[in-house]
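This report concerns helix packing, nonpolar cores and salt bridges in one protein model.

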Amino acid sequence: MNDERLSVAEAADTTDGGPPERPEQATRPPGAGSGPGREERPERAGRRRRRGPLLLTLLLLPGLLTVTGVAAFLALTGGLPSPWPEEPDADRAASVGIDPSYVPWLRQAASTCTVLTPSVLAAQIDQLSGWSDDTDALSGQKGIAAFTDAEWRTWGRDDDGSGEASPHDPADAIMALGRRDCSLADDITELRTEGKVNGDLVDLTLAAFATGRDAVAGAGRVPPAAETYLAEVRALLPRYEALDRADSGGGAGTATGVLPAAPVSPLTITSPYGSREHPLTGVTRLHTGVDFAAPQGARVVAARRGRVVFAAYTSAYGNRVVVDHGTIEGKRLETTYSHLSSLDAAVGRAVEAGTPIGRVGSTGLSTGPHLHFEVVLNGFYTDPRPWLPNG
């Protein structure tokens, strides 16, 4: 496209500098006629005198003037608009300074689990290698995702069909990093669902990448050994946020009534979503859900149609049920119900809005009977109130 615009501009430069020079007129023979726009030559013996270019000029001059004007206009405005839309991936890649061919692979790798985004993967790669494919002879790390041979044997595949799975192939490396991260995210999600770890799911997953799943499980949060790595990746994230825009659903998409059934009735809030000091531990942290007052043994129901993915006792949440509602505008939606006195649901059970799944209690870390209710969107806790009827 640029080449085409340059050629148009060059044409404008040629035609816009003034009228073309007129050829010198030949000497007219005595008695030869003359007129505007006519050029005459002496006749050669035996040949009929040729006409001058008057008719041709009159026919072509309007077109030449039009072409000249259009060319000049194009030179000033930058050329004709392209009949094809600009490639957004190339624009975004240019804005963040990476090879445009990486963008589809970053998106594909991130799509394999709800925790990842292209920007998270890109920031990881930047932190690991600065997008350099130089082999680190000391650590044995190879390619832009810095895999060791042992790690590559576990996660590497020939994702782009080149005939070889190689950590030096950017497509293979990006997809392998996505698989590794998503596997860690699954482990961390399970630990958090069971109440064994607390914190942002992306942060916990990145911490597990840096220090291992067991270190995160042992600390119950992001361990100190992972804080430097996490901070470095987080610092790089803003640089790559443009990569996420095509996949954005336009925010949380929280609309009143998305969860049509109140988990308990009435919805009397005793502790809202947000930062607070825990009444038992005294630690100030995010209260990840809403506490609804309810008497011991009151019925708890599913807030929306879905499938039970967790139903068991945990140390922090007591008896806890997690329902997966599938995707809402492309984002995974889950609800949780904690501190129950009894469980009336089993893993794998399909439920409808209003299906009984347990009874209110005070199990786990609790000061009295209530329902701790959470909404988890794409792995992130969000305020449940806008999702509920009359929220």
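The notes below start with the basis of the values and then turn to a helix pair, the cores and the charged pairs.

The model is predicted: local features need pLDDT of at least 70, side-chain atom pairs count only at pLDDT 80 or more, and totals for chains, interfaces and linings use all residues. Residues are numbered from 1 along each chain as its sequence is written, and side-chain values use heavy atoms, without hydrogens and water.

Helices α7 (residues 170–193) and α8 (residues 201–211) pack with axes 9 Å apart, at an angle of about 120 degrees. Helices here are DSSP runs of H or I, at least four residues, numbered from the N terminus; axes are lines fitted to C-alpha atoms over the stretch in contact, and angles run from 0 to 180 degrees between N-to-C directions.

The largest nonpolar core has 47 residues, with Ile98, Leu106 and Trp131 having the most contacts inside it. Helix α7 gives the most to this core, 10 residues. Such a core is a set of buried Ala, Val, Leu, Ile, Met, Phe, Trp, Tyr and Cys residues joined through side-chain atoms within 4.5 Å. Buried means under 20% relative accessible area, exposed over 50%, and partly exposed in between (1.4 Å probe, protein chains only).

The whole structure has 13 salt bridges, each a side-chain nitrogen of Lys or Arg within 4 Å of a carboxyl oxygen of Asp or Glu. Three of them are tabulated.

| Salt bridge | Closest N and O atoms |
|---|---|
| Glu151 and Arg180 | 3.4 Å |
| Arg213 and Asp187 | 3.9 Å |

Arg180 is buried at 15% relative accessible area, whereas Glu151 is partly exposed at 22%.

Terms used
Helix = DSSP H or I, 4+ residues; strand = E, 2+ residues; numbered from the N terminus.
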